[in-house]
There are 2 protein chains.
Amino acid sequence: MNVEIITIGDEILIGQIVDTNSAWMATELNSIGIKVVQITSVSDSAAHLTEALDNAAKRANVVLMTGGLGPTKDDLTKKALCNYFQRNLVLHESTLQHVTNFFNKRGLGLTQLNHDQAMVIDGCEVLFNECGTAPGMWMEHEGVIFVSMPGVPFEMKGLMETSVLPKLAARSGMQKIVHKTILTFGIGESFLADKIEAWENELPSSIKLAYLPSPGQVRLRLTAVGNNEMILYEAISKAVGELLVVIPEYIFGFDNDTLASVVGKLLMKKGSTVASAESCTGGNIAHEITSIPGCSRWFQGSVVAYSNVVKMNMLGVEEEILERHGAVSELVACQMAEGARKRLQTDYAIATTGIAGPDGGTVAKPVGTVWIAVAGPNGTVTEKFSFANNRERNIIRSTQAALNLLRLYLLKE
Amino acid sequence: MNVEIITIGDEILIGQIVDTNSAWMATELNSIGIKVVQITSVSDSAAHLTEALDNAAKRANVVLMTGGLGPTKDDLTKKALCNYFQRNLVLHESTLQHVTNFFNKRGLGLTQLNHDQAMVIDGCEVLFNECGTAPGMWMEHEGVIFVSMPGVPFEMKGLMETSVLPKLAARSGMQKIVHKTILTFGIGESFLADKIEAWENELPSSIKLAYLPSPGQVRLRLTAVGNNEMILYEAISKAVGELLVVIPEYIFGFDNDTLASVVGKLLMKKGSTVASAESCTGGNIAHEITSIPGCSRWFQGSVVAYSNVVKMNMLGVEEEILERHGAVSELVACQMAEGARKRLQTDYAIATTGIAGPDGGTVAKPVGTVWIAVAGPNGTVTEKFSFANNRERNIIRSTQAALNLLRLYLLKE
């Protein structure tokens with residue numbers, strides 16, 4: 001069973017909204033073993049939608065549409081579908097009842113536009129939309145299933161969860177899909193590919209590998225397809241186990257882990273806490289950590305020491321060290337980490353000091369020069385990094401490098 | 001001139017990443033008067049890409065592709081394009097030089113995979129990618145322009161801004177387009193629409209208005225299209241001037257301003273400095289501010305006081321106040337702001353304390369309860385907010401509210 005998703009609406013084509021519906025639908029469909037072959041975004045035009053439906057029906061046996069069901073006149077999905085299937089619109093009594101209640105509960109009467117929400121394509125199966133007024137419609141035509149849903153994300157999700165996914169799962173039969181994503185840090189895509197070439201070539205043909213790079217990280221996604229879910233899980237877990245032997249130093253987690261969440265798990269296991277002292281990362285380490293619900297169990301806080309005055313007053317960095325070595329130096333990074341650990345009363349602390357750019361670089365310390373320190377019960381470790389010219393990326397890369405240095409420190413203990 | 005966007009990669013079709021590239025590209029293309037007719041996401045399959053190219057070339061005279069240019073073997077865009085255009089791959093010397101420098105600067109040698117990044121389609125115009133190793137390629141074939149770019153967002157954006165958009169703008173002919181975006185804060189889309197209805201109805205027909213909502217903010221984009229750029233600028237600036245009279249209290253800036261950059265400009269005009277003391281925002285205020293190049297002229301630092309110990313030790317919040325009123329209270333917000341102003345030696349300080357969620361709420365203080373304080377030479381002001389249940393949004397909304405409270409404080413002086 002192959003699915004094509006068609007999203008309908010000018011607002012996507014002018015970039016006013018990002019199409020998050022498709023990724024959500026694709027994830028859900030994959031989880032029940034159904035593959036998405038194409039995602040197509042078309043304008044609010046009957047001719048364009050008709051063309052997209054024709055093409056989709058050649059590639060897929062299920063076509064899921066979202067959008068174009070609203071009451072205003074720029075939405076014309078229903079009329080275009082009637083034309084495509086050569087059917088008429090008919091009144092659906094129980095939908096009319098639902099729409100009437102929907103507005104009455106809000107103290108509003110029914111306009112003609114609201115009333116028209118209860119008109120559906122003759123012969124379709126109406127899918128009840130408990131979150132809104134436009135119903136879903138399920139049609140079968142020349143061996144292909146067509147489903148029309150509203151584009152409002154929570155209405156679409158409600159219809160998918162209560163109607164569309166269960167019906168498709170029941171139809172799809174036996175094929176199962178199992179994914180596992182391995183998260184690596186600190187090695188570029190091409191170097192990683194070289195290192196794991198032999199392992200990659202030995203992968204069974206039922207497993208596909210994809211490289212997904214982002215700043216500082218490469219995710220490796222394994223996908224196994226087959227009839228027996230148990231066998232797929234075993235094949236994937238064998239492949240992961242073998243990879244862990246090949247590149248143990250680069251793998252920091254799996255699936256939805258982040259460097260911050262992995263560090264959090266390690267700290268919770270020890271019953272320990274951490275703080276940060278941030279110059280060039282400017283609070284981004286604290287922000288990454290505090291994006292994780294429940295981080296207050298292991299994160300105490302941070303001093304964003306952007307000026308030298310704050311480095312001295314709040315972290316106890318010595319004026320003489322600042323003058324002799326400069327703010328971007330190994331010793332200042334050490335004193336920042338040690339000061340944060342002491343004053344914020346934590347077991348560990350991470351510190352960053354560097355030149356994020358675009359200005360402020362010198363020949364000796366160009367933009368992108370960053371010193372990172374981790375202080376803990378077994379002393380303080382440091383590392384120097386040389387990133388590039390982009391301020392935003394330097395902040396992200398420094399944040400990741402600092403979290404990773406702490407991760408390695410914790411693992412070595 | 002019509003554009004079709006094709007995004008290439010299984011990671012989109014399995015829902016692992018949301019396609020944000022297309023919306024960004026569509027917005028930029030629209031801003032230079034070029035329409036996007038369809039967005040298509042296809043798999044890492046040569047046959048599928050070829051089919052999409054064939055169909056796109058029927059609808060559009062420009063086809064912009066992203067993705068599938070990485071060095072590893074799951075990326076096959078280049079080979080598929082060679083096949084489609086019946087051309088070969090050839091070595092591009094200056095790209096090879098760039099790739100070699102790119103890795104040498106990082107102390108790394110060149111692998112075969114890196115070397116292959118410098119292979120381009122024979123006869124294409126190579127677009128220099130200063131942010132990465134895979135170059136863009138511009139090809140013209142039977143009257144249609146095809147452009148291939150990497151899928152990594154910042155590499156694609158770099159190529160679009162430096163090469164693709166200027167080239168397309170030069171081709172697209174004579175019509176001039178002038179945009180102006182007015183940034184509003186603190187009023188919802190439908191209420192804003194009500195307030196400015198009369199103004200909107202009086203807009204000349206040459207000016208189009210779009211509402212662009214995001215959490216806490218609504219951007220109003222005015223677009224004027226015509227032959228005489230001077231007249232367009234005058235029409236837009238007249239409309240903006242009239243709107244400033246209608247809703248002065250909601251407008252905080254224009255175009256690429258942010259609340260943080262506007263606050264920075266106000267502080268620099270006064271020659272003053274600011275610090276933050278952050279509990280529920282967890283460093284995000286500092287992060288927003290330090291994303292602005294040159295902010296060290298007015299930003300000293302922040303104390304992320306996630307635990308009560310840090311609130312007491314680093315900001316001087318009194319234990320008795322914490323016990324009697326709780327960490328999420330007006331008095332604690334005041335003491336945090338005043339403590340940060342004193343200890344970080346700044347003219348102003350902003351503080352946040354609240355319950356970001358998803359847990360930690362009570363009947364009296366549900367998730368989303370946030371107290372914000374601004375301390376300055378004219379005393380301390382506070383405001384209470386009641387946001388909703390989403391942790392990520394609560395952090396963003398609290399950050400914006402805090403920056404806006406400081407903005408209003410500075411304006412009133």
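A:Ser398 sits in helix α16 (residues 391-412) of chain A; helices here are DSSP runs of H or I with at least four residues, strands are runs of E with at least two, and both are numbered from the N terminus. The model is a predicted one, so local features need pLDDT of at least 70 and side-chain atom pairs count only at pLDDT 80 or more, while totals for chains, interfaces and linings use all residues. As for bookkeeping, residues are numbered from 1 along each chain as its sequence is written, chains are lettered from A and ligands numbered from 1 in the order in which they are written, and side-chain values use heavy atoms, with hydrogens and water left out.

With a relative accessible area of 1%, A:Ser398 is buried (buried means under 20% relative accessible area, exposed over 50%, and partly exposed in between, with a 1.4 Å probe and protein chains only). Leaving aside residues up to four places away in sequence, A:Ser398 touches A:Cys280, A:Thr281, A:Thr352, A:Val370, A:Ile372 and A:Phe387, where contact means heavy atoms within 4.5 Å.

A:Pro293 belongs to the loop between α12 (284-290) and β14 (299-305) of chain A. This proline counts as partly exposed because its relative accessibility is 43%. Once residues up to four places away in sequence are set aside, A:Pro293 touches B:Pro358 and B:Arg391. Its C-alpha atom is separated by 32 Å from that of A:Ala388, 95 residues apart along the chain.

Next comes the core. The largest nonpolar core has 48 residues, and A:Val303, A:Leu315, A:Met336, B:Val303, B:Leu315 and B:Met336 touch the most other members. A nonpolar core here is a set of buried Ala, Val, Leu, Ile, Met, Phe, Trp, Tyr and Cys residues joined through side-chain atoms within 4.5 Å. In soluble globular proteins, nonpolar side chains tend to be buried together. The contacts of A:Val303, not counting residues up to four places away in sequence, include A:Val310, A:Met314, A:Leu315 and A:Leu344, along with B:Ser302 and B:Met314.

In chain B, helix α11 (residues 259-270) and helix α16 (residues 391-412) have axes that come within 9 Å and cross at roughly 30°; axes are lines fitted to C-alpha atoms, for helices over the stretch in contact, and angles run from 0 to 180 degrees between N-to-C directions. α11(B) and α16(B) are therefore roughly parallel to each other (angles under 35 degrees count as roughly parallel, over 145 as roughly antiparallel, 65 to 115 as roughly perpendicular and the rest as oblique). Their crossing is left-handed, meaning that the near helix is turned anticlockwise from the far one by less than a right angle, with clockwise giving right-handed. Residues making the contact include B:Leu259, B:Val263 and B:Lys270 of α11(B) and B:Gln400, B:Leu403 and B:Arg407 of α16(B). By class, this contact of α11(B) with α16(B) has 10 nonpolar, two polar and two charged residues; Ala, Val, Leu, Ile, Met, Phe, Trp, Tyr, Cys and Pro count as nonpolar, Asp, Glu, Lys and Arg as charged, and the others, Gly among them, as polar.

In chain A, helix α3 (residues 46-59) and helix α4 (residues 77-85) pack at about 55°, with axes 9 Å apart, which makes α3(A) oblique to α4(A). This crossing is right-handed. Among the contact residues are A:Leu49 and A:Leu53 of α3(A) and A:Leu81 and A:Tyr84 of α4(A).
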